[in-house]
Number of protein chains: 2
Amino acid sequence: MRVLGIDPGSRHTGYGVVAADGQRLIAVAHGCIQPPPDRSFAQRLAHIHEKVAAVIDEAAPDEMAVEDVFLARNVKSALRLGEARGAAILAGVRMGLSVHQYSALQVKQAVVGYGRAGKDQVTQMIRTLLALRTSLNTHAADALAVAVCHINTRTSQRRWKSLESR
Amino acid sequence: MRVLGIDPGSRHTGYGVVAADGQRLIAVAHGCIQPPPDRSFAQRLAHIHEKVAAVIDEAAPDEMAVEDVFLARNVKSALRLGEARGAAILAGVRMGLSVHQYSALQVKQAVVGYGRAGKDQVTQMIRTLLALRTSLNTHAADALAVAVCHINTRTSQRRWKSLESR
């Protein structure tokens with residue numbers, strides 16, 4: 001199974017595709033989408049949408065996972081974040097992916113095993129889990145973390161199902 | 001010129017297409033998009049996106065105007081509103097429309113001539129301006145108001161240009 005994780009933001013949208021191969025987790029693709037600041041706000045949204053669609057086209061994930069946000073500096077930044085989030089999610093749903101949401105707490109719990117873990121701890125753990133040797137953008141790390149969180153959830157669900165059907 | 005006005009919202013997205021024919025303003029289309037509540041949040045966003053795209057396809061507006069929001073009950077509702085707004089805007093920009101933003105103050109000023117006008121006053125004035133006899137959804141009225149506001153702005157800009165070129 002392949003999962004596209006998204007860490008949405010109007011200036012930086014992190015993405016990461018993780019493949020689960022038995023027990024092994026592989027980072028298929030990851031990066032950070034940065035809409036050109038000289039474009040109009042509508043064109044920046046279209047940029048996020050198109051880039052996420054291009055990642056889906058290339059890396060062919062089966063499902064999409066996005067961090068659900070409950071915190072923002074203020075209403076204005078929450079609106080901008082929502083727009084970026086909507087643009088990314090829409091790329092997934094338009095391309096036939098099911099979209100799943102996880103809180104930051106759930107993601108940290110799944111990746112670090114501790115819900116209050118710091119950003120550095122998440123990045124470090126993702127580097128270790130996915131055996132990444134090159135430098136890793138923090139937004140890409142967060143996106144990979146959401147993807148890993150969703151894969152964990154799916155794996156647990158499958159395990160429960162197989163126990164039930166015994 | 002034809003303008004599509006949008007009053008975005010996760011549960012109700014108002015739309016209204018206004019055509020300017022000389023001094024006359026005509027309501028070409030208007031209504032309210034209500035995503036089915038039993039669908040997933042991602043599918044509800046896709047619903048808004050597709051319905052706005054269908055309106056553009058049918059009513060063929062030249063430009064799009066959206067109310068810019070600065071107020072929301074809380075961060076959570078601002079995020080949901082931003083997502084709906086992003087889904088609607090993306091339909092416009094993907095179909096080649098330029099997208100323009102106006103504050104509620106600007107819209108009320110343009111339609112009622114008074115920035116602190118109430119919702120009822122806006123609806124009443126839109127009904128009069130566009131000679132609408134049937135009942136009018138408040139979200140559709142707000143959407144038509146943004147469209148009228150944008151047409152006013154464009155008309156003023158043209159007037160200034162023609163004065164300058166004399």
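Start by selecting Asp7(A), which touches His12(A), Thr13(A), Gly14(A), His139(A), Asp142(A) and Ala143(A), leaving aside residues up to four places away in sequence, where contact means heavy atoms within 4.5 Å. What you have open is a predicted model, in which local features need pLDDT of at least 70 and side-chain atom pairs count only at pLDDT 80 or more, while totals for chains, interfaces and linings use all residues. Residues are numbered from 1 along each chain as its sequence is written, chains are lettered from A and ligands numbered from 1 in the order in which they are written, and side-chain values use heavy atoms, with hydrogens and water left out.

Asp7(A) belongs to strand E1 (residues 2-7) of chain A; helices (H or I, at least four residues) and strands (E, at least two) are DSSP runs, numbered from the N terminus. Asp7(A) is buried, at a relative accessible area of 11%, on a scale where buried means under 20%, exposed over 50% and partly exposed in between (1.4 Å probe, protein chains only).

Glu67(A) lies in strand E4 (residues 63-68) of chain A and counts as buried, at 16% relative accessibility. Among the residues that Glu67(A) touches are Ile6(A), Arg85(A), Tyr102(A) and Val146(A).

Finally, show the strands as a cartoon: an open sheet of five has the order E3-E2-E1-E4-E5 (chain A), with mixed pairing, two strands being paired if DSSP finds at least two bridges between them. Strand E3 (24-33) and strand E5 (98-103) of chain A stand at the edges with a single partner strand each, so one side of each is left without a neighbour in the sheet. Within the sheet, E1(A) and E4(A) pair in the parallel sense over four bridges, and Gly5(A) stands opposite Ala65(A) in E4(A).
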